[in-house]
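Please look over the structure below before reading the points. They are arranged by topic and can be checked one at a time.

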Amino acid sequence: MALSIDSRVKLNNGVEMPVLGLGVWQIPSGGPTTRAVTEAFASGYRLIDTARIYGNEEGVGRAVRESGLPRDDIFVTTKLWNSDHGYDAALRACEASLKRLGLPHVDLYLIHWPVSGSRKETWRAMEHLLKEGKARSVGVSNFMIQHIEELLVSSNVVPSVNQIELSPFLHQRELIDYCTKRGIAVEAYSPLTQGRRLGDKRLVAVAKKYAKTVPQILIRWGLEHGLIEIPKSDREDHIRENAAVFDFEIRSEEMRFLDSMSEDLRMSWDPTRVP
Ligand SMILES: NC(=O)c1ccc[n+]([C@@H]2O[C@H](COP(=O)([O-])OP(=O)(O)OC[C@H]3O[C@@H](n4cnc5c(N)ncnc54)[C@H](OP(=O)(O)O)[C@@H]3O)[C@@H](O)[C@H]2O)c1
């Protein structure tokens, strides 16, 4: 079936997650976040990606509560920060996030970064949060194969999602294949290269062919690879533009061309060497 803004991916625990969401990193807390999320809802987005470290959970929660949308239609993700690892600390961190969001549960709670030493204990807390219904699903972010393998040795709960940096410039195929084989959905962060490669001539040429913009090509590239995409914007026009990606398909020839652009380019941090 053709993808639409209402398309959802069924996670390994049966929970359904929208394929397109709004990332809110670097959107100032309070009004600007609430406005961006409200605009996203008006444009049809139903997934919002925040984190404790973004400092804007309150603004996300307000927009969710004031949206008038059924809570079940909206999918809220937040993340456990690096200083909150360990069993008790993780439980407290989740409670604090829920309080700031003003919500009884989140739809996805992610370990933000594979901090060495305490990952297993933290994952035990994630299992507890799942059981208690504080999180409808739990997952990880920035986890490489070795970090996931370590979790799977000590736990029967397979992460539902791994959120990693992905774009045609960083196409982590081996990791995507590994996750897919184990039923872990892959979510792409910084899908627009944080705005830094939007002028790439090759991308501009592909965009022109489809009468689309470069951000739309980047988002569609991810969707066609089965990824969940969470572009960030706090501009009304960009939020709308980034959702207008369901009225075209990128032909396999251009998909292959975009795939060939991978050069291991990372915009943020690099988890590959975390022991
Ligand atoms: N788990 C992690 O470690 C991690 C790390 C990084 C990000 N993330 C998540 O992923 C989300 C997205 O990644 P990101 O924020 O790093 O970067 P991104 O989505 O790749 O790019 C955002 C940048 O692109 C610009 N932009 C957005 N739409 C545009 C458009 N249509 N035309 C031109 N420019 C446009 C934005 O500016 P305007 O706002 O002005 O539109 C902003 O400067 C984050 O917000 C966060 O939720 C997670």
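Predicted model: local features only at pLDDT ≥ 70, side-chain atom pairs only at ≥ 80, totals over all residues.

1. Eight strands make up an open sheet with parallel pairing. Their order across the sheet is S3-S4-S5-S6-S7-S8-S9-S10. The edge positions are taken by S3 (21-23) and S10 (228-229). Each of these two strands has a single partner, so one of its sides has no neighbour in the sheet.

2. The partner to examine here is S4 (residues 47-49), which pairs with S3 in the parallel sense over 3 bridges. Within this pairing, glycine 23 lies opposite aspartate 49 of S4. Gly23 is also listed among the closest residues to the ligand.

3. Helices H1 and H2. H1 spans residues 31-42 and H2 spans residues 57-66; their axes are 8 Å apart, and the packing angle is about 40 degrees. An angle between 35 and 65 degrees counts as oblique, and H1 and H2 are therefore oblique to each other. The crossing of H1 past H2 is right-handed. On the H1 side the contact uses Thr33, Thr34, Val37 and Thr38, and on the H2 side Gly59, Val60, Arg62 and Ala63. By class, these contact residues are 3 nonpolar, 4 polar and 1 charged.

4. Helices H3 and H4. The axes of H3 (residues 87-101) and H4 (residues 119-132) cross at roughly 45 degrees and come within 7 Å. This pair is therefore oblique as well, and H3 passes H4 in a right-handed crossing. H3 contributes Tyr87, Ala90, Leu91 and Cys94 to the contact. Facing them in H4 are Glu121, Thr122, Arg124, Ala125, Met126, His128 and Leu129. The contact residues of H3 and H4 divide into 7 nonpolar, 2 polar and 2 charged.

5. The ligand shell. How many residues surround the ligand, and which are the closest? The shell has 27 residues, and the closest are Gly23, Trp25, Leu192, Lys232 and Ser233. Its composition by class is 9 nonpolar, 13 polar and 5 charged residues. Helix H9 (residues 236-243) gives the most to this shell, with 3 residues.

Key:
Residues numbered from 1 in each chain as written. Near = placed C-beta within 6 Å. Helix = DSSP H or I, 4+ residues; strand = E, 2+ residues; numbered from the N terminus. Nonpolar A, V, L, I, M, F, W, Y, C, P; charged D, E, K, R; others polar. Axes fitted to C-alpha atoms, helices over the stretch in contact; angles between N-to-C directions. Parallel < 35°, antiparallel > 145°, perpendicular 65-115°, else oblique. Left-handed = near helix turned anticlockwise from the far one by under 90°. Contact = placed C-beta atoms within 7 Å. Pairing = 2+ DSSP bridges.
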